[in-house]
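Please examine the sequence and the structure shown below.

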Amino acid sequence: MWTGIKSMSSDRNPKETRRTGHYAYFVAAGIFISRIFGLVRDRVFAHYFGNSAAADAFRAAFRIPNLLQNLFGEGVLSASFIPVYAGLIARGREEDANRVAGAVASILALLMSVMVLAGVFAAEYLVIAIAPGFTGVKREVTITLVKILFPGAGMLVMSAWCLGILNSHRKFFLSYSAPVLWNLSLIVTLAVFGNGGGFRLSEILAWGSVAGSVLQFAVQLPMVLYLARSLRLSLNIRMGEVRTVLKNFIPVFISRGVVQISAYIDELLASLLPTGAVAAFSYAQTLYTLPVSLFGMSVSAAELPLMSGASGSEEEIAAHIRGRLGSGLQKIAFYIVPSAMAFLAFGDLVAGAIYQTGRFGREDAVYVWGILAGSSVGLLASTLGRLYASAFYALKDTRTPFLFAVLRVALSTLTGIYCSLYLPSVLGIDLRWGVAGLTASAGFSGWIEFLLLRRSLNHRIGRTGLNAVFLMKLWGTAIVSAAAAWILRSISGVMNLHPVVAACIVLGLYGVLYFFITALLNIKESRNLIKRLIRKASTGNGR
């Protein structure tokens, strides 16, 4: 099933591999900082709004412009714009690259202006679609919030264009840490105007969101203008490269739309389950997406411009992508395997450390654990699949990932309906656990998509994949480390401690054992990480 890494070793450039690891580190650092501020934002939001009607109004209103960002934002531009722009830069055609960037910016700005204007005027009808149960003041405030938030969503889409420029020039940290300003804007707005809460605060917070969107775009713009000095805005769609971007944009846009529909269906199915299923599903999704973003997105984002910059004959391009892909797959697997095992074995500790406070008790943490365990089924496939999709994007092929994404969504929907609504009664368990079946079915579908992506790419560029021995070492180490940490939590009084302390002790032992054993097994990623930590510690001591 898994093909050998040794067969790809000749395709790699060690210096370039180290450089990619350096880039991936900056992507992960930016995402991590942004996620931390996001958690702080949610905690402050809960402090001032709780589960009030104003909180419902803001959450519902934000869902509409957020859809605009998801459809036109980072994922779509990364797949359609970066391969073309980065390819031109790599071939020394900077003038052409900047003309393409200017045309894409102009088209995107025009499209966003129309969409934002339409969204503002159609706010009343959009609210009917997403929140038909809202009435009276709650409904009126939601409409007002949608009108305020739409321009901010447009700015976030333009921020994604900046990300495409910066990533192509290997300026990863700025692009992925820029959302910190958006989160910080909301946190400051709540801290300054939070007393009293209510609908008035929700409107003020919406304006704070718009201000944060402007800041997120503005902080990236100076570096973009510096890197693309000859950038000129135009609506020139006659350039072949611009037409390529637009051609690639359409299937990726549709693919993102399909994913959004899938997310809507998941929430709909969860809403048919007993009370608490939707909230628990949301909590689990936040935790599940953290390793996907930190490790899957970081490596994929760093590799996409490098793979897109390949030149030469078809054989040379294929060899280059094989090398980049092999290195990236190893990095992702090294971190995702222990993450999946942690969710499976210690999901209650993870959920408890982050959420267990106030009305969120131990029983709730265990419930989220079950959902996380279901998510862990497809965690590795989802993250590896991101990198395979990036390889297709580098080959200017957006159609193949789109077709497999549609298949995954269709399969996930069908299996999700059965596993969430009918399987619990077959197994004789409480219906509320159907949400765990929902995440497990999505994980199963993710494996199908991954295998199809790998099979299709192997036909095009030759054999790719992870070495079976390498994977056995990772999974074996994760199992042994988890068993040792589980013994600790079973024979000691650690579970009687505060959830954060208990998680630090048990998960700390698990993590230390994983990195120590993988280093003894001569896993390159572990040894490199330990060397980096030792080097930084030595530098910190002034040596």
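A residue is called buried under 20% relative accessible area, exposed over 50%, and partly exposed in between, computed with a 1.4 Å probe on protein chains only. The model is predicted, so that local features need pLDDT of at least 70 and side-chain atom pairs count only at pLDDT 80 or more, while totals for chains, interfaces and linings use all residues. Residues are numbered from 1 along each chain as its sequence is written, and side-chain values use heavy atoms, with hydrogens and water left out.

Helices are DSSP runs of H or I with at least four residues, numbered from the N terminus. Helix H15 covers residues 379–394, 16 residues in total, and reaches 23 Å from its first C-alpha to its last. This is close to the 22 Å expected at 1.5 Å a residue, the expected span being 1.5 Å times one less than the number of residues. Because 14 of its 16 residues are buried, H15 is largely enclosed by the rest of the structure. Just after H15, Lys396 takes a positive phi of about 65°.

The loop between H15 and helix H16 (399–421) also holds Asp397, which forms a salt bridge with Arg460. A salt bridge is here a side-chain nitrogen of Lys or Arg within 4 Å of a carboxyl oxygen of Asp or Glu. In this pair the closest N and O atoms are 2.6 Å apart. Since Arg460 belongs to helix H18, the contact ties together parts that are 63 residues apart in sequence. Asp397 is buried, at 12% relative accessible area, whereas Arg460 is partly exposed at 43%.

The structure holds 11 salt bridges. Another of them pairs Glu363 with Arg432, with the closest N and O atoms 4.0 Å apart. Glu363 lies in helix H14 (residues 362–376) and Arg432 in the loop between helix H17 (423–427) and helix H18 (434–461), 69 residues apart. With a relative accessible area of 59%, Glu363 is exposed; Arg432, at 21%, counts as partly exposed.

A further salt bridge joins Glu241 to Arg93, the closest N and O atoms being 3.0 Å apart. Here Glu241 sits in helix H11 (residues 240–271) and Arg93 in the loop between helix H4 (82–90) and helix H5 (94–121), 148 residues apart. Glu241 is buried at 18% relative accessibility, and Arg93 is partly exposed at 30%. Salt bridges that share partners join Arg93, Asp96, Arg99 and Glu241 into one network.

Terms used
Helices (H or I, at least four residues) and strands (E, at least two) are DSSP runs, numbered from the N terminus.
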